[in-house]
Amino acid sequence: MDYGGSRWKAKRLHILRRDKYQCQECRRYGRLTQATEVHHIEPLEVNWARRLDITNLKGDCKAHHSAEESHHKRPRGGSKS
């Protein structure tokens with residue numbers, strides 16, 4: 001995906017504004033943390049068609065976005081150690 005493209009930049013800004021620049025994961029636990037990233041809930045590798053779907057995007061802080069991205073990249077079915 002072209003993260004430097006105008007469509008992504010506009011969608012990213014839309015999601016951050018929609019989420020009031022608050023990390024949606026932190027918010028679930030009653031914390032207010034600034035969202036600086038936009039996360040694809042269903043990864044692009046799984047469903048490319050949802051890359052700009054607002055129901056598949058959410059604002060995240062850097063820590064949650066990194067954790068969620070590494071979770072998506074973990075091999076399936078194997079040991080987690």
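These are my notes on what I looked up in this predicted model.

**Ground rules.** I number residues from 1 along each chain as its sequence is written, and my side-chain values use heavy atoms, with hydrogens and water left out. Since the model is predicted, local features need pLDDT of at least 70 and side-chain atom pairs count only at pLDDT 80 or more, while totals for chains, interfaces and linings use all residues.

**Entry 1, layout.** I started with the elements and found three helices and two strands. From the N terminus on, they run α-α-β-β-α. For my own record, helices (H or I, at least four residues) and strands (E, at least two) are DSSP runs, numbered from the N terminus.

I then looked up how much of the protein is covered: 32% of its 81 residues count as buried. Buried means under 20% relative accessible area, exposed means over 50%, and partly exposed is in between (1.4 Å probe, protein chains only). The protein exposes about 5,600 Å², and carbon and sulfur atoms supply 52% of that. The areas come from the Shrake-Rupley method with a 1.4 Å probe, and for residues only the protein chains shown count as cover. On contacts (heavy atoms within 4.5 Å), I took the pairs at least 6 apart in sequence: 60% of them join residues at least 24 apart.

S1 (residues 37-40) and S2 run antiparallel, with four bridges joining them. The pairing rule is at least two DSSP bridges between two strands. I checked His40 and found Leu57 as its bridge partner in S2. Next I asked myself which residues sit on each face of S2. Leu57 and Gly59 are on one side, Lys58 and Asp60 on the other, and all are buried, leaving both faces of S2 (residues 57-60) covered. As a reminder, side chains in a regular strand alternate between the two faces of the sheet.

The largest nonpolar core has seven residues: Trp8, Ile15, Leu16, Ala35, Val38, Leu52 and Leu57. Helix H1 (residues 6-18) gives the most to this core, with three residues. The term stands for a set of buried Ala, Val, Leu, Ile, Met, Phe, Trp, Tyr and Cys residues joined through side-chain atoms within 4.5 Å.

How many aromatic pairs does a search of the whole structure find? I got one. The ring centres of Tyr3 and Trp8 are 5.3 Å apart and the planes are at 85°, so I noted the pair as edge-to-face. Rings of Phe, Tyr and Trp (its six-membered ring) pair with centres within 6.5 Å; planes under 30 degrees apart are stacked, over 60 edge-to-face, and the rest tilted. Trp8 is buried at 5% relative accessible area, whereas Tyr3 is partly exposed at 43%.

I searched the whole structure and found eight. Here I count a side-chain nitrogen of Lys or Arg within 4 Å of a carboxyl oxygen of Asp or Glu. I went to Lys58 and found its side chain in a salt bridge with Glu25 (3.1 Å, N to O). Lys58 lies in strand S2 and Glu25 in helix H2, so the pair ties together parts 33 residues apart in sequence. Lys58 also meets Glu68 in a salt bridge (3.0 Å, N to O). That pair links distant parts of the chain, with Lys58 in S2 and Glu68 in helix H3 (residues 62-73), ten residues apart. Are Lys58, Glu25 and Glu68 buried or exposed? Lys58 is buried at 11%, Glu25 is buried at 13%, and Glu68 is buried at 16%. A network of salt bridges links Glu25, Arg28, Lys58, Asp60 and Glu68. I also noted Arg50 with Asp53 (3.1 Å, N to O); Arg50 is partly exposed at 24%, and Asp53 is partly exposed at 26%.

Last, I looked at Gln34, which is in the loop between helix H2 (24-28) and S1. Gln34 is exposed, at 54% relative accessibility. Tyr21 is 13 residues from Gln34 in sequence and 5.6 Å away in space, C-alpha to C-alpha. Leaving aside neighbours within four places in sequence, Gln34 is in contact with Tyr21, Cys23 and Cys61.
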